[in-house]
Amino acid sequence: MSGSTVPNLNNPPMHTLNVEEVRKQYEDTLAVDNVSFEARPGRILGLLGPNGAGKSSTIRMITYITTPDAGRIRFGGEEVGPGTQSRMGYLPEERGLYPKMKVGEQLVLFGELKGLTRQQAKDQAAAWLDRFDARSWVDKATNELSKGMQQKIQFIATILHRPELLILDEPFGGLDPINADLLQSVIMELKDSGCTIVFASHRMEQVEQLCDDICLVSKGQIVLQGTLNEVKKRFGRNTLEIDFEDGDAFIDKVEASGSARVSARSRRHAQFQLAEGARPRDILNLALSDVGELIRFELMELPMREIFVQAVTRTQGADAVAENAGGAA
Amino acid sequence: MNKMMVIARSEFMTRVRSRWFILTTLLGPIALIGFFVVVALVSINSLETGEQEIAVVDNSGVLLSRLEHDQITFTRATEPPDSLRQHVLRGDIDGFLVIPDDVSNGEEIVWYSDSGGGSLMNGDLRGTLRSAVRALRVDEQEVDPVVYDAITADVPISSVQLTQDGDERGNVGAYAVIGGIMGFLLYMAMLIYGSVVMQGVMQEKQNRVVEIMVSSLRPSELLMGKVLGIGAMGLVQMTFWAILIAGGTLLSGVIVGLVVDPVSVQLPASASNQEVLAAMDFQIPALDPIVFVLFVVYFLGGYLLYATLFAAIGSSVEQQQDAQGIMLPVMLPIILSIMFMQTVIEKPDSTLAVVLSLIPFTSPIPMVVRVAMIDVPVWELTASLALMVLFIYGAIWMAGRIYRVGILSYGKKPTLRDLARWVRQA
């Protein structure tokens, strides 16, 4: 345990989350296999991975709901445990509130469980309900609220106690764009105030917008890790996006020429992955000869979505090959 | 505030304000009183329909005039047995008696009715016939009626129980009734509050709130907070009822009067409650306060033991139906102890009663019954309570382990073997 400072609601102490060589086995599946990463204060770490990759298992260990079989997890130098639990906020993917309890009581309960006094919890609940334009819901039972409203309440319950570590699993699910923006601005504020944030999501646009760092897990292992910029650089500026009107015959011509692979297409949009040594201007020429109008032509970095797919299929492909070999032997 | 207490407080407050709590607290006694009223009405009714009509074929020629009963009319049969038979079956009369020539020397009287040896035969009719035949014999033997009365005068018997501290107490029957009521209350309390805990745990898991909860406190704190909060609710409810019962103790006389068959205390079945109570020498018995203390102690002990186990079961399943199979081994001891309650009441110092009141899973009900009835040796109480405390610790330990795994496991219906594995691996 390091000498952590006295918590201060206005200026929370800034701490790093260290996950070190963590393993977790469930019956006969190895859910988390030797995973290490760190999430730093004032930054958002995107914890990504396909379903069943071990994200939830990892999060449960960080939140001290379960404990690792091997390795350790520290927050601000302190091994996670009851002590760190009250300094973190966790918004699970599967939402949960007491359906018959009033919103106000519910928030106060969650606040108290995080170590606030009853009065502090009441004050914070009131302040946050105001911020989310939801003051009038205080005396409503949760099951009277719409999904989106419940979602906001759940989020308030997560941040009521000004956590130093925030773990958000799909926080935007069920929110309309206006409320999603509101939520995002609050998350950004928390980040700017020095909060350490772990963000798990399958929505790659959001990851790209919010995250500073990336940690991609697949089959219990980390397959990709680094700052968002680093990771994107690693995948190169080889993606070509074209928006157009009328005439998409050029897409097949490009593919036939062997200079690029089509990674996405629709009636007015095409995305290519350039082959080694291919020149964008050749593709532009092919396009210009076909399309009615060219709207956009951009050479860009690989989008997160594509990076995710590539990184995951690469590992799963390798496994599939290994499995086949094993079967043949 | 301690996190466990935060949960306990929240559980208590939300439940005490719930409609379920208010309804059961208020309606419980009303339902109970209603039940007794129904019983009373039914028995009064059965007494009043006692305007019975009986035809008598009196071959002796001397007995009919001696048959007297204020609710049974005996009339001389004017028709042959075959047509009497028809009358009975048609319901014109309740039955007919055939009295033999030599009735005073032990020849058999035969009673024909469509209910055979039903309640009428067992109660009033038998008594009436017996006294008539006896009176006939007294006359025939020329016994002085004064002598006869002297011989047959009531022999009052009452039982007095010797106790360690020298206070001898009478009317053991009343203590048995109180013991029985307390035992039954405990049975209800353990089952109902236990299943409230189980429901609560199950709902938390269904709503997925539990995942948020255990990211804020230890599963064992959540478990025990829940158990304590609901236990406090139960205690409030029981206290409320206890006050009502104390207020309505006068009612216990009525209840005893209804339960006890007047014939068993040598009174005619038509005897009023007061007469029965007087015959039984019944008065509201004074209970040693220690009985109440022990009742509360065993209530808490039994509740803690069972509620933690019920909570563990609730945590392992996703829906009620899945719980049935795993619940049986937990329910069995409760059911056993209520099944054996009658035996314990009959012989509160038997080996069976002692053993049952020592084993923690069965001890609350028999021990409370025994404490209400007799002076239970101090060593038995000490041993029973010590074992109880030990088992509660064990149950909390085991339930905590099952709970920790259970609340996060979805998808498949667990078996007892799964639970055992969770205890080992957690």
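**Burial, cores and a helix pair**

Buried residues make up 49% of the 329 residues in chain A. This is a predicted model, where local features need pLDDT of at least 70, side-chain atom pairs count only at pLDDT 80 or more, and totals for chains, interfaces and linings use all residues. Residues are numbered from 1 along each chain as written, chains are lettered from A and ligands numbered from 1 in written order, and side-chain values use heavy atoms, without hydrogens and water.

Q: What makes a residue count as buried?
A: Its relative accessible area is under 20%; exposed means over 50%, and partly exposed lies in between (1.4 Å probe, protein chains only).

Q: What makes a set of residues a nonpolar core?
A: Its members are buried Ala, Val, Leu, Ile, Met, Phe, Trp, Tyr and Cys residues, joined through side-chain atoms within 4.5 Å. The largest such core has 157 residues. Leu17(A), Leu107(A), Phe155(A) and Met213(B) have the most contacts inside it. A second, separate core has 16 residues, including Leu63(B) and Leu125(B).

Q: Why are H11(B) and H16(B) called roughly parallel?
A: Helices are DSSP runs (H or I, at least four residues), numbered from the N terminus. H11 (residues 289-316) and H16 (residues 378-406) of chain B pack at about 20°. Angles under 35 degrees count as roughly parallel. The two helices are therefore roughly parallel to each other. Their axes, lines fitted to C-alpha atoms over the stretch in contact, with angles from 0 to 180 degrees between N-to-C directions, are 8 Å apart.

Notes:
Angles under 35 degrees count as roughly parallel, over 145 as roughly antiparallel, 65 to 115 as roughly perpendicular and the rest as oblique.
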